[in-house]
Amino acid sequence: MLPLVYHPDYSFPFPGEHRFPMEKFGRLHGHFRGLGIAHGDNEFRPGRAKAALLGQAHCPQYVSDIVAGTLDQKARRRLGLPWSEGLVKRTCIAPMGTLLTAQLALRQGLACHLAGGTHHAHYDFGSGFCIFNDLAFAAKQLLASGAVERLLVFDCDVHQGDGTAAMLADEPRAFTCSLHCEKNFPVRKQKSDLDVGLPLGMTDRDYLDTVFETLENLLDTVRPQLVLYDAGVDIFEHDPLGRLCVSEQGIADRERGVIERCRRRGIAVATVIGGGYDDDRDALARRHGIVVETSHELATKPLSERSEAE
């Protein structure tokens, strides 16, 4: 069975007019409950990280300010989210969710987090709806514990994973790769180990060729034991914050191609949902669900029945 990591506090009462679709996590979980893909036997609930643990990846004072609600107004504006107890609770759980997903993937080969991908969070500040960086946090914990010796953060969100790049810049065992729309947020880019800037309006075929060629080269050269895969769907042609022109079929082809290429090499994959924006929250949840449905299909088929990625 495909392990799914989720917590009911990922979605909480939130201003409905806000650009960030906080309710998408609950709707995503409900979608998979309805399909029978999520059920008691394969669902895992992460705990809440203590401030001291988060402080192993982030600035302890910044962590304290988030938990206590004492960020100054400039820092709150940069964050882009209204502070609340509910926000703090889900923010302290989500990094543990990505860590748990990675641990499950190392045991079973593939696991999916129904949240995660907060790649704009930096060591001592939040940005772009991201408070704590779950990808950098999980990577640091896995490497410190000896669970892996090499890992790859493969970030396909439409926006550059600037916080992840900065937080893992001095960690040679973690290779960061970001494939993103070059003329998009953030304006000031950080330096990943590999950045692939994509042109405005890029469509399915060119996009998929770029993603797969990049991934194959990295799997051959980095030789990771684990891939943390940010499957952001803000590459979608109608995403209001995207600026690329990739169809939903293109997203499905990407997910299949990325996961199959890793699994054929025996490399564990932990997926996070990354960014995605749409006023139709149910349509957005289904779009985020593509990576989970694809993972479910691949995880439940014998290897001989799985199609080769193009």
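This is a predicted model: local features need pLDDT of at least 70, side-chain atom pairs count only at pLDDT 80 or more; totals for chains, interfaces and linings use all residues.
User: How many charged residues are in the contact of α1 with α10?
Analyst: Ala, Val, Leu, Ile, Met, Phe, Trp, Tyr, Cys and Pro count as nonpolar, Asp, Glu, Lys and Arg as charged, and the others, Gly among them, as polar. In the contact of α1 with α10, three residues are nonpolar and two are polar, while the number of charged ones is five.

User: Which helices do the buried residues of α10 pack against?
Analyst: Buried means under 20% relative accessible area, exposed over 50%, and partly exposed in between (1.4 Å probe, protein chains only). Helix α10 spans residues 281-288, and six of its eight residues are buried. These are R281, A283, L284, A285, R287 and H288. Their packing partners are α1 (24-35), α9 (248-264) and α11 (290-300).

User: Is α9 parallel or oblique to α11?
Analyst: Axes are lines fitted to C-alpha atoms, for helices over the stretch in contact, and angles run from 0 to 180 degrees between N-to-C directions. Angles under 35 degrees count as roughly parallel, over 145 as roughly antiparallel, 65 to 115 as roughly perpendicular and the rest as oblique. The axes of α9 and α11 cross at roughly 40° and come within 9 Å. The relation of α9 to α11 is therefore oblique.

User: Is the crossing of α5 and α6 left-handed or right-handed?
Analyst: Helix α5 (residues 85-108) packs on helix α6 (residues 134-145) at about 50°, their axes 8 Å apart. A crossing is left-handed if the near helix is turned anticlockwise from the far one by less than a right angle, and right-handed if clockwise. For α5 and α6 the crossing is right-handed.

User: How many nonpolar residues are in the contact of α5 with α6?
Analyst: From α5 come A94, P95, M96, T98, L99, A102, Q103 and L106, and from α6 come D134, F137, A138, Q141 and L142. Three residues of this contact are polar and one is charged, while the nonpolar ones number nine.

User: Which residues does K183 touch, not counting those up to four places away in sequence?
Analyst: K183 sits in the loop between β5 (174-181) and β6 (194-198), and is exposed at 59% relative accessible area. The C-alpha atoms of K183 and R243 are separated by 8.4 Å, although the two are 60 residues apart along the chain. With those sequence neighbours left out, K183 touches L200 and R243.

User: How many disulfides does a search of the whole structure find?
Analyst: A disulfide is a pair of cysteine sulfur atoms within 2.5 Å. The sulfur of C112 is too far for a bond, because the closest cysteine sulfur, in C262, is 12 Å away. C112 also counts as buried, at 0% relative accessibility. Across the whole structure, the number of disulfides found is zero.

Key:
Residues are numbered from 1 along each chain as its sequence is written. Side-chain values use heavy atoms; hydrogens and water are left out. Helices (H or I, at least four residues) and strands (E, at least two) are DSSP runs, numbered from the N terminus. Contact means heavy atoms within 4.5 Å.
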